[in-house]
Amino acid sequence: MNEYVLLSLAAFFAGTLNAVAGGGSFLTLPALIYCGVPPVIANATGTVALLPGYAASTWGFRQELKQLQGLHLPRLLMLSLFGGSLGAGLLLITDNNTFNQLIPWLLLVATLLFAFAPKLMAGRTQASPLVALSALFLVAIYGGYFNGGLGILLLAALSLLGHSNLNAMNGVKNLVSTVLTAIAVMIYAAGDVVAWPQALVMMLAATAGGYWGAKIAKRLPALALRRGIIVIGAVMTVLFFITL
C-alpha cells in the first residue's frame, strides 16, 4: 500500500475516533513509525495531523457546548495553553531512543485508561475546584507530550468538576484538545520535529474524519466502539513491546 494512502486512512479514522471517544493516536503514531518516521517526529507529526480534526469536531459539537453550565472556559483554556506548552517542551528535549522506549508504556497507559473509563467516570463526585483544575492542568501537560488517551482523561477531569452531560463534555473535550494541541504544534514546528509532507496529507484526512465523527457520535453504540478502541490499543501495545 502506498505510504500516503496508509497515512490518510489512519488519519481519517483517527479523526473519527477522537471526535467520538478519543484514541486517534493508536492509529497515527504506529502508521507513521511503520512508514519510517523517527519516533519523536512521528509523535509530533501525528499530533499536528489531528489538530484540524479536533477543530472540526469542536465545530460539530458547537450546540452542545452551550449546554454546559458553570464552567469558566477562559480559565480552562489558559490552563490548556500552559500545560500543552510544558508537555510539548518536554517532548523536544526527549531523544528518539528514549521516546522509543516510552512508546509501549504510553500506549499501555492510554489503553488502560480506555478500559477503565467507566469506573473513572462512575459516581462523578464533584472535587474541589483546586483539585479539578490541577487535574486538568496535568492532563494538558500529558496531552502536549503524548496525545494518546487524552480524550478520556479530559472527560474524567471534567467529571471532577461535577459535569454529567456527556455530549456537552465531548464538546469541551474537543475544544480543550484543539487549544492545547495548537500550542503544542507551534512548539513542535519551532523545534523542527514535524514531517510536514506527511502531516499535511494527514491533516486533510483527519479533518474529514473529525467532522464526520462528530455527526455520528450521538448515534454509534458507545460500548461497541469503546471495545474496538481497546482492542486496537492492546494490539498496538503488544506489537511495540515485541519489536522494542
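Predicted model: local features only at pLDDT ≥ 70, side-chain atom pairs only at ≥ 80, totals over all residues.
Visitor: At what angle do helix α5 and helix α8 pack?

Guide: Residues are numbered from 1 along each chain as its sequence is written, and side-chain values use heavy atoms, leaving out hydrogens and water. Helix α5 covers residues 73-92 and helix α8 residues 129-145 (helices are DSSP runs of H or I, at least four residues, and strands runs of E, at least two, numbered from the N terminus). Their axes (lines fitted to C-alpha atoms over the stretch in contact, with angles from 0 to 180 degrees between N-to-C directions) lie 6 Å apart, and the packing angle is about 40 degrees.

Visitor: Which word describes how α5 and α8 lie to each other?

Guide: Angles under 35 degrees count as roughly parallel, over 145 as roughly antiparallel, and 65 to 115 as roughly perpendicular, with the rest oblique. The angle between α5 and α8 is about 40 degrees, so the pair is oblique.

Visitor: How many residues of helix α9 are buried?

Guide: Across the chain of 244 residues, 53% are buried (under 20% relative accessible area with a 1.4 Å probe, protein chains only; exposed is over 50%, partly exposed in between). Helix α9, residues 150-160, is mostly covered, with I152, L153 and L154 among its buried residues. Of its 11 residues, the buried count is 10.

Visitor: Which element gives the largest share of the lining of the second largest cavity?

Guide: The whole structure holds two cavities of 30 Å³ or more (a cavity is a set of points on a 1 Å grid over the protein atoms alone where a 1.4 Å probe fits but cannot get out, and lining residues have an atom within 4 Å of a point; points join across faces, edges and corners, and volume is the space filled by probe spheres set on them). Two or more lining residues come from each of α2 (25-34) and α3 (39-60). The largest share, four residues, is given by α3.

Methods:
1 Å grid on protein atoms, 1.4 Å probe; cavity = no way out; pocket = protein on both sides within 12 Å on 5 of 7 lines; lining within 4 Å.
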